[in-house]
Structure formats: structure tokens, C-alpha cells
Amino acid sequence: MSLKKRGASLLVGAGAITALVATSGTAHAADPVEPGGIDPSLTTVNLLNINDFHGRIDTDGTGASGKAFACTVVETRAQLGEDSTALLSAGDNIGASPFTSASQEDLPTIQFLNTLGLEASAVGNHEFDRGFSDLTGRVSQAADFDLLGANVYERGTTTPALDEYSIVEVGGLKVGVVGAVTQQTPSLVSPQGVSGLDFGDPVDAVNRVAAQLKDGDATNGEADIVVAEYHEGATEGDDLTTLDAQVAAGGAFADIVNDTAGEVDAIFTGHTHKGYAWDAPAPDGGTRPIIQSNSYGDTLGQLQLGFDEETGEVTQYSATNVEVADPTDACASNPTYASASAIVDEAVATAGELGKKVIGTVSDDITTAHNDGARDNRQRESTLGNLTADIWLDALDQPGRGGADIGIMNPGGLRDELLYEPTGDEEPGEVTYAEAASINPFANTLMTVDLTGAQVVTLLEQQWQPEGSSRPFLKLGLSDNVTYTYDPDAAAGSRISSVSIDGEPLDEGATYTIASGSFLIGGGDNFTVLAEGSNAKDTGLIDTDAFVNYFGARDEVSPDHRKQAVAITDQPSELTAGDEVSFTASGFDLTSLGSPTNSEVEVFVGDDSVGTFPITAGLIQGVPTRNGTADISFTVPEQAGAPAGIAAAADDDDASQVRLVASPSDTEVSFPVTITADEPTSTTTDPTTSTTSDPTTSTSSDPSTSTSTSTSGTGTSTGTPTATSTSGTAPGTDGDVTGPVVETDDTTPGPGAGVVGSGLGLLLAAGAALAIAGARRTAGRRH
């Protein structure tokens, strides 16, 4: 049984706490033993735990995953003893769920967990996906288990907004379960849904409640054993595989390990989807267990506590994660398993009817970024993230919509993949409604907000998350009209070195309309600059519906393997003709399924190819990690100059760009430079008298004898200027050596630049009117 508690309003019987009254305060550390090794003289308390289940009662349309989980819970409980075992959770039981659960607002998952006997759970951030009123109304009413959030307060107060703890009776002992959620919750859910709440320090809240439960005062609740359920956990990182490394890295997890009070006998964690069972240091110098059990019900946390009735202390423990296995014949006869299995079957049948409609086709896999065979690498650009950003932009550009300039997508919102091979009865390449909904399970409405160009740069900078965040970097998916370069080693706030939108340099003083889901527009995932924008509007269009509409309007959708962001170290801003230039570019390769490994990159200065350089495959560590690097070194061409249509700047300096085109993906980025000639080469000395100063009256007809020279490398017999894209030869003209024109980055920061890029000031000073301006986004859109 469990007893709900908010604040100190509920009196709990003292039970077996006589010894605790005499020894209240810091608990004695326990000794770790192997599973099943608790001394028989001690009372054994068995706690099973899950975290980040996310509605995984069905992952493949058959319900097999949910049934496997149910059988593992039932059999483990039977082995340990029904009366001495309780099932708990560290939160995110619902939300970000596959179609079977999400299409029915996660009600089947709540019923499934009720049937398995879940007794208490910390709230996770996803319990707030539909807002606080939904959590305390619909969800709470459907759940037979307590939902705990000791660090969730009514706004501006220290009044608990949720139950802080639950007393669960296990083996005749009272186990106090204290729940707390990550303090970052307001940035992880739609801020509007939690606007009436404050999220305090989770460790402080757990310590406050644990002290109550061990102070000997029955009027504010007492417990023999106290366990903490934190919806917060160890952070990502290939070099963070041990407890010591995690603690040394600092942040929220280090605070949990170091600062959780001694009254807490064991710590369960969640949120970061990692698996571990570590012996953490206890305040008195001994150890206590700290556990997280991966995610999605893949493993089941198993904690055994040996309680000494004489001293009132936990003196032994064992902690492990049990792999979930396929159902056994013994489960079939278990009534609890049978009830849970029936819930899964009914949910699968209902979802099958809702989701089998085919909405479109794909020519190949379109996925999140992968890492060592695992999906959902949120540090990396992906074909699915960029496609989704395209979809949001397309939805807002439809007739009757307000329009937008840029689409963006947060990687954590992509909860499934678009795979060419069928997962059900559909034909290869067919995409069903269920698949679309599984990718976008949050039912966010699409919104727009206006940002200045400077704020767009800040938005890209905020991909590097605040210090102490569980994930150090979150790569935004971007609509295909946006590209940029960055320096991964630069100081915070100055990493973005050039940005291009619709083939033109970003203007820091201009206004750009951003399209995305309500989660991001509200400042979610720490992209706070979006909440600072102006003219925010809710379109009322649900993200899943936009996804479905996009596919319905196209015969086929293909993955685009072009990277939109490339790292450049030692990026030059000024070149001198005849000089040697060297820099390093990295991050040419996507890691989405089917993405090619680039082998070479051709480099252009203006329209002149200055060489093709090998790309070395392999992982480059850092934040973000990236694949594929090239060391580039070339001699600046003597005749390098401004593209056609751009007048030469003063002092023989020409505004141009360095352009990189990788093969075979066609990843293309560029950055602006000014080029200084070794010595004056122009034969035109007085622009007011030159025969070439007015293209409408130019008499030059023979490039071999004319006093004018085409700066684009393509002359005309009449002397009429040839309009050219600053990213290369314009579409439809001769001399395009790189294939179709792709939008590229055109600027980098420079002293005195009014917009991003030192080169742009020269372009404006020269009165440039780039011919590609009219092409805008439609010239390079991917469908």
C-alpha cells in the first residue's frame, strides 16, 4: 500500500521507528554485496525501479516489448517475494511515446503500470508535456500510483504543488520514497504549461523531506528507510563511464552524489537514459547505491536493502540492472501478467486502425544521427532533423498562413525514424500515419516568432548548452535555406563565424520569422533567445498534421545528405594574391543511416578552383563531435577578384569568398574574404571616365583587347555585366563546375561589421546588388 503526503498535512503511524528515534540524523553507510547476498539476519527490502519508460508498451506494432517488460516484472517479483517487493519509478513514464500509446494520450500506459503495481513515481519533465493542469487532472486521476515532486512549488512560494513523498509498506517496514524532477524542466517542456510553478534545487528538496522522515516526529511523517527518486542523472560523454569521472565533471549529477543527505539510504536516478549501478560515497565515508536503468523498459533496476531491526539502519545492499527478457510460459498463467498483456493487445488493436493509413513515401531511410549503432545522437546534424525543419517552414508558407523565413527543430523531439523497409503491412518506402506520429508524439502546435539577425546568431550559439546541462550540445535541425560555419574551439558566444540565409549573408539588423513547435518557441531546451523574440503567434496547426500534409503533397521524399554546418579552424578573412593560405575544415559527414563518407573537398577562391584536398574519415572528439577532416593549403590566385556585378573596393581590395564543396555528398559551405592584389592590375584608373564604368554604354567587345576584364571569368561580347551568384556561377550559365547551386555561408565576423562578416561591409560599400537575391529559397529547396 502507499500513503499520499503533501507538505506535513498527513499524519503517518510511527510503525517500526523506535530505534530510529534514538539514532535519527545521518544514517550509517551500508556495505555492498552481490545480489541475493543479504545477511539472513537482516530484513530484506526489495525495490524494483524503472525510469524513462516513455509509453513503451509497444514498439513494433505487436506489443512484444510491453509483454516482455510485464513478464520480467512479474517473474522478478515472484522470485524476490511478493510481500517484500515494491515497484517504483524515477519519472517520464509517459510522454514522447510511440504511436500505440501516444495516439491514445498515454492512457494505455498508465493502465499498464497500474496493473503491474507501480506504487510511487517521481514526476519527470515529460509528465508536464501537456501542462500542469493535465498532470494534476487527467493523469493523476488515471494513475493508481503517487506522483511525487518535492522541488515543485507554487510560483513565488515554497508551497509544494505536488505530493513530496509517499510511504510504501514493504516487508513490514515503511519505505519513504521522495521524488524530485530536474530543475531544467521549464526549459524542457512548453513554458506556458508550467508558468504557475517554480522548480527548486532537487537535492535541497530531497534533503528537506528526508530530514522530516527521520526526525522522530510522527506528525510530519516517519519512515524506516528513505530512498530518493531523482528525475536527473549522469551526463552523456564517451569519457564519462565511471562514477569518479561523472563526479569530476560536476553538474547536477555530481550534486546528487556529493550533497544528498545521509538520511537517504539509496538513490534512483533517471532523465539521461543511461544504465549504471554504482557504489556512491555516503556522507560518513562509506557507500550507498545509485542506480539508473537505461530507458524504455529495456532493463529493470533491482535494489535489495538489508535492514537491521536493532539499530534501525540499512547495513547492506545490492544493486543491479536486470535485462528484460521475452515472456515465458510461466507468465501466461500469472493473472497480473495476463491483465497487463490484455491492455497491450487492446491498445495495439486500437492504434492499428488509427495508424495504418499511408501518408506518403520515402526513397530511402531518413533518420536521426546515429552513434555506434544507436539512434538519437543529439549532438549531430541529421537528415530527419533538417527535413523536419523544412516541413515546419513549408507548413507556414502555405496559402493562408503567415509565412516564415527559417524552420528549426530540436533533436530531442525526434522520437522515431523514417525507414524505407516496412515495419508493418505497408509496402517498402511507404510512410504511415503511425510512423509520422511516432516521430512527433508531443502534439506541439506550430508557432512563429520574429528574431533579429543578431538573435539568430545567438540562437545558433545556444546549441552549446549552459554549463552543468545533462547534454552539452543540442544540434538544431535547420531548414535547407540556412548554412553556417563555426569554430568549435572559440570562446562561448563567438563560435558562429558565418551565416547564410537564402544564399545571402545574414543581416544582423534585419528581422527573420522563425517557425517551430510551441516547445522551442517558448524557449525550450535552453534556447532562451526564442522566448525573447517579438510578435510570437500560435498557428493552431499541430506538428504531426504538418508532417502528414507535407508527405501528402509530394510523390516521394528523399534524404538530403548535405551538411549545413561545417567547422573551420583558423578561418581567414583576408587573402593576398600569391600568398599561401592554410586552414582546417571538419565535420563534412552526416551520421544518419545511408549517409556517404566524403573523400575529398574542392576549394574555390571566387570562381577559381585552387585545389582538391583529401578528407580523412573518422570521429573528431569535442563538442560537438564530428566526422571527416581536411587540411587545406593553397596559393591565392594572382587574378582572384570580386565576382561579376560587384565593383572593386578601394585600395585594390576585392570582396570575394572561399567556397568548399565536398564529394560525394555535395556538402557546400563558404565564407567571405577580402583579396588584396600584390600590385595594382586594373587598367581602369578613373571610374568616372572609364569606358567600363557604365555597363549600359560599354563599347568593349573583344575580351582579348578590351580594357575591361570580367571578374567572373565569363566575358560577354557586348560588355554587358554577367550577373553571378556570390556562391559561384549562376544557375543556367556556363562554367558551373560544381553542379547545382546550393545556398552557402557568405560572411564571417569582422571588426566593425554591422552584420555577421567582415566581407559584407565591403560588399555593401561597393553597392552590390546580388543577382541571386531573386532566387531566394525556392532555388534550392529539397522536397
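Figure 1. Ser89 belongs to strand S4 (residues 85-89); helices (H or I, at least four residues) and strands (E, at least two) are DSSP runs, numbered from the N terminus. The model is predicted, so local features need pLDDT of at least 70 and side-chain atom pairs count only at pLDDT 80 or more, whereas totals for chains, interfaces and linings use all residues. Residues are numbered from 1 along each chain as its sequence is written, and side-chain values use heavy atoms, with hydrogens and water left out. With a relative accessible area of 0%, Ser89 is buried (buried means under 20% relative accessible area, exposed over 50%, partly exposed in between; 1.4 Å probe, protein chains only). Its side chain makes a polar contact of 2.7 Å with the side chain of Asn93. A polar contact is a pair of N or O atoms within 3.5 Å; within protein, one must be able to donate a hydrogen and the other to accept it, and residues adjacent in sequence count only if both atoms are side-chain atoms. Not counting residues up to four places away in sequence, Ser89 touches Asn49, Ile50, Leu118, Ala120, Ser121, Ala122 and Glu229 (contact means heavy atoms within 4.5 Å).

Figure 2. Helix H2 has 17 residues, and its span from first to last C-alpha is 24 Å, close to the 24 Å expected at 1.5 Å a residue (the expected span is 1.5 Å times one less than the number of residues). Of the 17 residues in H2, 12 are buried; among them are Phe69, Val73, Val74, Arg77 and Leu80. Just after H2, Gly81 takes a positive phi of about 115°. Asp52 is located in the loop between strand S3 (43-50) and helix H2 (64-80). Asp52 is not a glycine, yet its phi is positive, near 55°. The relative accessible area of Asp52 is 0%, so Asp52 is buried.

Figure 3. The whole structure holds 13 cavities of 30 Å³ or more. On a 1 Å grid over the protein atoms alone, a cavity is a set of points where a 1.4 Å probe fits but cannot get out, and a pocket is an open set with protein on both sides within 12 Å along at least five of seven lines; lining residues have an atom within 4 Å of a point. Grid points are joined across faces, edges and corners, and a volume is the space filled by probe spheres set on the points. The largest cavity contains about 400 Å³ of space. It is lined by 27 residues, of which Asn125, His126, Leu188, Phe519 and Asp525 are the closest to its centre. By class, this lining has five nonpolar, 15 polar and seven charged residues; Ala, Val, Leu, Ile, Met, Phe, Trp, Tyr, Cys and Pro count as nonpolar, Asp, Glu, Lys and Arg as charged, and the others, Gly among them, as polar. The second largest cavity has a volume of about 140 Å³. Gly95, Asp106, His126, Asp129 and Arg130 are the closest to its centre among its 16 lining residues. Helix H5 (residues 132-142) gives the most to the lining of the second largest cavity, with three residues. That lining divides into six nonpolar, three polar and seven charged residues.

**Figure 4. The second largest pocket.** Eight of the lining residues are nonpolar, 21 are polar and 12 are charged.

Figure 5. Asn535 lies in strand S26 (residues 534-542) and is partly exposed, at 45% relative accessibility. Asn535 and Asp450 are 85 residues apart along the chain, while their C-alpha atoms are separated by 5.9 Å. The side chains of Asn535 and Asp450 make a polar contact of 3.3 Å. Leaving aside neighbours within four places in sequence, Asn535 is in contact with Thr448, Val449 and Asp450.

Figure 6. Most residues other than glycine have a negative phi, and most peptide bonds are trans. Tyr296, in the loop between strand S14 (287-293) and strand S15 (299-308), has a positive phi of about 65°. A cis peptide bond with omega about 0° joins Val623 and Pro624, and Pro624 is placed in the loop between strand S32 (616-620) and strand S33 (626-635). The peptide bond from Ser663 to Pro664 is also cis, with omega near 10°. Pro664 is found in the loop between strand S34 (653-663) and strand S35 (668-676).
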